[in-house]
Amino acid sequence: MANIKALLFDLDGVIVSTEKNHFIAWRETARTLGISFSEEDNEALKGVNRVDSLKQILKLGNKTVSSEAFESLLVFKNNIYLDSISTLSEANLLPGVDALLRKAQSMGVKIGLGSSSKNAPMILERLGIKSFFDVIIDGNGVTHPKPHPEVFLNGAKALGFHPSECLVFEDALSGVTAAKEGGFLSIGVGNPLLQHVADVYLNNLTEFRLEEYA
Ligand code: BG6
Ligand code: MG
């Protein structure tokens, strides 16, 4: 499986373990609406953007709110989330991330981000790894959210490669679906639910051998 020219990374759950922070912030938001929201419910929201996540929570609780209330709930959730990651630093990088970024850079393999998060650029900055990225596609720049492949297709296009020349690293079902729909080889990371869904499954990025692909 050679000839890989670029690596496209999801952020939350692949580079940094912020999924729990998203979950807790959504659970708190759901609570204000009288909706109970479990970790299992949250699984379906991994990789899903902020607006669609809130829509799914409201659907779960069979609730509707005015558009003003909807907007305030988005702000409420994001404030809880941002508070909870205020101390984020390089120490929060998931195992193998730093080594893989360095390796890719030294081998001339391009690096891209394909995340649903609007907070992505700030998080990469805080993690001290933003300069590794040749392209950053985040929740601010896509029209069709995951599981649509747009975020990864835009990343590949910006780097000048065909999807077959890129690998996508994902921890969410929505993201693996997006990768597959886009014609990318999908690498599932750190989420056992992806074991039989992604093309390749890794417990974490220390298990990945770039030499086998590039
Ligand atoms: C994804 C996360 O990366 O980004 C989701 O998996 C999150 O849990 C989504 O809801 C949107 O993030 P943000 O930072 O824009 O609210
Ligand atoms: Mg993710």
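Guide: Ring pairs link Phe9, Phe133, Phe169, Phe208 and Tyr213 into a cluster. Keep in mind that this is a predicted model.

Visitor: Nice place to start. How many aromatic pairs does the structure hold?

Guide: There are 6 aromatic pairs in the structure. One of them brings Phe23 and Phe37 together, with ring centres 5.8 Å apart and planes at 40°, so this pair is tilted.

Visitor: Where do Phe23 and Phe37 lie?

Guide: Phe23 belongs to helix H1 (residues 19–32), while Phe37 is in the loop between H1 and helix H2 (39–43). The pair therefore ties together parts that are 14 residues apart in sequence.

Visitor: And Phe23, buried or exposed?

Guide: Phe23 is buried, at 4% relative accessibility. Phe37 is buried too, with a relative accessible area of 7%.

Visitor: Back to the cluster, then. What kind of pair do Phe208 and Tyr213 form?

Guide: Phe208 and Tyr213 are stacked, 5.0 Å centre to centre with 20° between the planes. Phe208 counts as buried at 6% relative accessibility, and Tyr213 counts as buried at 9%.

Visitor: What lies over the face of Tyr81?

Guide: That's Lys77, at 4.7 Å from the ring centre of Tyr81.

Visitor: Let's switch to the metal. Which residues are the protein donors of the magnesium ion (ligand 2)?

Guide: The protein donors are Asp10 (OD), Asp12 (O) and Asp171 (OD), and they lie 2.0 to 2.1 Å from the magnesium ion. Their spacing in sequence is D-x1-D-x158-D.

Visitor: Where do Asp10 and Asp171 sit in the chain?

Guide: Asp10 is in the loop between strand S1 (6–9) and H1. Asp171 is in the loop between strand S4 (166–170) and helix H8 (173–181). The two are 161 residues apart, and the pair links distant parts of the chain.

Visitor: Is Asp10 buried or exposed?

Guide: Asp10 counts as buried, at 4% relative accessibility. For Asp171 the relative accessible area is 4%, and that residue is buried as well.

Visitor: Which residues lie nearest the centre of the largest cavity?

Guide: Those are Asp12, His22, Val48, Asn49 and Ser117, out of a lining of 21 residues. Asp12 is also one of the donors of the magnesium ion.

Visitor: What does the lining of the largest cavity have, by class?

Guide: By class, this lining has 4 nonpolar, 10 polar and 7 charged residues. H1, H3 and helix H4 (67–84) each supply at least two residues of the lining.

Visitor: How about the largest pocket, how much space lies in it?

Guide: The largest pocket holds about 160 Å³ of space. Its lining has 14 residues, and Asn49, Lys118, Gly139, Val142 and Pro145 lie nearest the centre. Asn49 also lies among the residues nearest the centre of the largest cavity.

Visitor: Which helix gives the most to the lining of the largest pocket?

Guide: Helix H3 (residues 50–60) does, with 3 residues. By class, the pocket lining divides into 4 nonpolar, 6 polar and 4 charged residues.

Visitor: On to the backbone. Which peptide bond is cis, with omega near 15°?

Guide: The bond from Lys146 to Pro147 is cis. Pro147 is in the loop between strand S3 (135–137) and helix H7 (150–159).

Visitor: Which residue has a positive phi although it is not a glycine?

Guide: Asn62 does, with phi at about 55°. Asn62 is in the loop between H3 and H4, and with a relative accessible area of 74% it is exposed.

Visitor: One more loop, please. Where is Leu88 found?

Guide: Leu88 is in the loop between H4 and helix H5 (97–107). Leu88 is buried, with a relative accessible area of 12%. The C-alpha atoms of Leu88 and Arg126 are separated by 6.3 Å, while the two residues are 38 residues apart along the chain.

Note on methods: Residues numbered from 1 in each chain as written. Chains lettered and ligands numbered in written order. Predicted model: local features only at pLDDT ≥ 70, side-chain atom pairs only at ≥ 80, totals over all residues. Heavy atoms only, no water. Phe/Tyr/Trp six-rings, centres within 6.5 Å; stacked < 30°, edge-to-face > 60°. Helix = DSSP H or I, 4+ residues; strand = E, 2+ residues; numbered from the N terminus. Buried < 20%, exposed > 50% of the residue type's maximum accessible area, 1.4 Å probe, protein only. Lys NZ or Arg CZ within 6 Å of the ring centre and 35° of its normal. Donors = N, O, S within 2.8 Å, 3.2 Å for Na, K, Ca; no water. 1 Å grid on protein atoms, 1.4 Å probe; cavity = no way out; pocket = protein on both sides within 12 Å on 5 of 7 lines; lining within 4 Å. Points joined across faces, edges and corners; volume = space filled by probe spheres on them. Nonpolar A, V, L, I, M, F, W, Y, C, P; charged D, E, K, R; others polar.
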